[in-house]
Amino acid sequence: VTAVALPLIELHHPTTFKGRGVAAPFTTPLLAGTRVRESSRTGVELLVPNLSGGRSFYVLNWPGVRALCNPTLHDAELFRRFRGLALPSPALVREAALEVALEGHAGREAAAAAAVATAQDGAQRLLARSLLMTGLVKQMAGLVEQLDPNGAKSVPRAERTAEVDRRASAILHRIAPSFGQSAAQLAAGLTAIGDVFAPVGIAAADRGARIPRLLTRLRNTHADLSLWLDADPSNDIGGLGPAVAAAMQRASASGEAVLARTRSTLMDPQALLRRWMADASGLSALVSRCDWLLDGWERVSLLWLSASSGASRRAALLEMASLVPVLPREVTEWTETPIHPDMMKETCRVTSHQDAWRTGGSAFALIERNEKLLAMST
Amino acid sequence: VSGEPAQLCNHQIRTLSQPLAAGPDPRIMRIVASVDAMMQRGSADFLIERQRMARLRPAHPLRFSSLLFQPIELLVAPAPDWLLVAPAAHWRLKQQAIPRTALIPMAEHIRGAMGDAATAIVAQIAGRTTADAELISRVGRSLWPEAARILADAPIPETWEATGLGNMNYRPLAEIIAPILAEAATLDVLQAEAATGLLPPPREMIEAILGPVAQTNEAALPMMIAILLDRLPAAADLLPPAGNGSEATAIQAALSQAGDLLLRQLEQEDAIETRIAACTLADAGAAVNRIAALLRHLDSTNAKPPRRERVRAARKRLEAGCKARFASGLQDDLLAPLQPMGAALAPAAIPALEAAARGLRVLETEGRVVGSGATYDVLLGHVADAIKDTAMRDRLSWVDRLRLVEILSGPNAASVMLDKPE
């Protein structure tokens, strides 16, 4: 590493989410914690954490990464897809990662998990579209009992769907003039809104959509970690455990708040549709806040969940601490949502004298472990 | 294999073991299982050569005694002639070894003293084998400290006479074993943490382990240090330097004896080869790493020329053992499953192939540290070429082949393969 002429080093306290970049699920051990962001010069660039654990990041293009380490084929394929992204976002990076995993570059287990995740995404989108349509019909037609998605006992499912479709079509035709759009455009808008909201879920109590599932995983990880730390104080390493647990709890609480806030826009489907037709990208950005807020936390959680023995948990704690995401100051502009100010501060720092634990022979086990993390990903 | 265990002389053992040496592997495995089923094994353990046993890696049933004494396995004397013929006449404390005959009476005694707690442990390990490292570690952590307490206080076991070691040897042996068992759980944790590469052993913990022994049990100290270094070679750099008080002086003196003990162990016939061969392929690299680190310590700057010469010889054997394990792993775990050409491999077989490929690479990485890498380059190149070959299309999917080539030859080789699809 010392022989490499390293390029730009950026002291990194990000101002914007775009500047912070998106956590990239690379499997090469030396690329842990790397983020991808838009670059005016090269399309996309990577922010690779300082290898010794210092504050700075290396700002690298792919040849720079290859000078630093020998990335896996999975990572090379993932980066190839990143190059095709206009503006990397958590959703697009996840999509790219699923594509590469589906091709089998992270092993069969990750490929099977990616297939399940892709199918789940599709099912969530269908469900979101359907619930949104139902919500609009309920709002406009005042139908409550018969069209309640949980009211299957009163109307058979197929009839219910057909009835919703019929009424939705009638309603869209009725309101289209007031929107200055055609009914078909409104229908397309509703479908697009459903797709955008699918990861957060439409129903207020939905815990099956991707973001609520991630929040549940974070909460469970926090509970498990706290229990382990409480059970034996010697489990901790220099205060890292409580620091990571506190950061995780803040992320979880803020994530729930942003989720609730995002879902509150669904209370008035007609207003939501109007907003979409007027400013689709603005509404998309609002909905994607959950993703941006929680970006990077899944890997932290999975590191814990994949460790079972006391020794592997203590080792995981060191890795987790170095990956705790720091929010950019841009988050303060989300004035309507309570974000804990400590989420914009570095929780803790882990520095290391050497990289033997993730290079040489050790790298093989870590790559395998990282592939397992991909298979566990939501 | 029933009735009273036979104590055979070397000539008798040789006569019986010669026909077995030529026997096929399944037959040997059946004999091993029969011997494992014996309550008292006598000389039966010596019928099958150690190298053969190491290669076959049979999993032995986990018994109370094997769990109990797992932490001191390094010190248990193998099977020299004197132990088979007349142990009591020859065993001396300065030999720094635990005669195997002492173990069963001690284990029975401890089991009786523990009562229901021992019964619960026996229930927990029923049907499990000595290969179950996680269970041994978990259950051992509750057993070893209690056993240490019992050994430290208990009178001579009633069945001690059968050891042939004489009553005068019980207390010295118990006082050597007890402090090692008392620290076994801590050593176990330290070793597991060190294996992650992220958590080196803390100096104060090493001092806390050795300090009390240095003060009160000079005879046990070299063996305690030998166990420590065998499991945590990095601890050698954490020992207090001589002149840093009486404890430190005692530790440094014992360190030299521990070094001799460890070197003697490594010099025994096939000892290094057996250690590497007895591990699964996944663990073989770690075993090589530990032995290499141990040899580095034994070859430290103040080592005298004769020791250096012995270390050099041991390193050569380590290099050879590493290559032999690599070749057998390559053949048994990777090439053999790929051999019957034609039908596609079951998807469930792929993770095992990838694990074998990873194990080989780890072993190769460690092997290069102790010797030349040319053999590995050639063998890895050949197997990667075989996997790239179109003849392998029927056995493995394209992406499975790509991944195996990536593991065996690196991402660049896989990338070239990806760019030139068949």
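Modeller: Buried area here is the accessible area (1.4 Å probe) that two parts lose on being put together, summed over both. This is a predicted model, where local features need pLDDT of at least 70 and side-chain atom pairs count only at pLDDT 80 or more, while totals for chains, interfaces and linings use all residues. Residues are numbered from 1 along each chain as its sequence is written, chains are lettered from A in the order in which they are written, and side-chain values use heavy atoms, without hydrogens and water.

Colleague: OK, how much area do chain A and chain B bury between them?

Modeller: About 2,000 Å², with 63% of it on carbon and sulfur atoms. On the chain A side, Leu73(A), Arg108(A) and Phe364(A) supply 34% of the area buried against chain B, more than any other three residues.

Colleague: How many residues does each chain bring to the contact?

Modeller: 24 from chain A and 24 from chain B, with contact meaning heavy atoms within 4.5 Å.

Colleague: And how many salt bridges across it?

Modeller: Five, taking a side-chain nitrogen of Lys or Arg within 4 Å of a carboxyl oxygen of Asp or Glu. One of them joins the side chains of Glu371(A) and Arg358(B), at 3.7 Å, N to O.

Colleague: Other topic: is Lys420(B) buried or exposed?

Modeller: Lys420(B) counts as exposed because its relative accessibility is 62%; the cut-offs are under 20% for buried, over 50% for exposed and partly exposed in between (1.4 Å probe, protein chains only).

Colleague: How far is Lys420(B) from Ile387(B)?

Modeller: 15 Å in space, C-alpha to C-alpha, and 33 residues in sequence.
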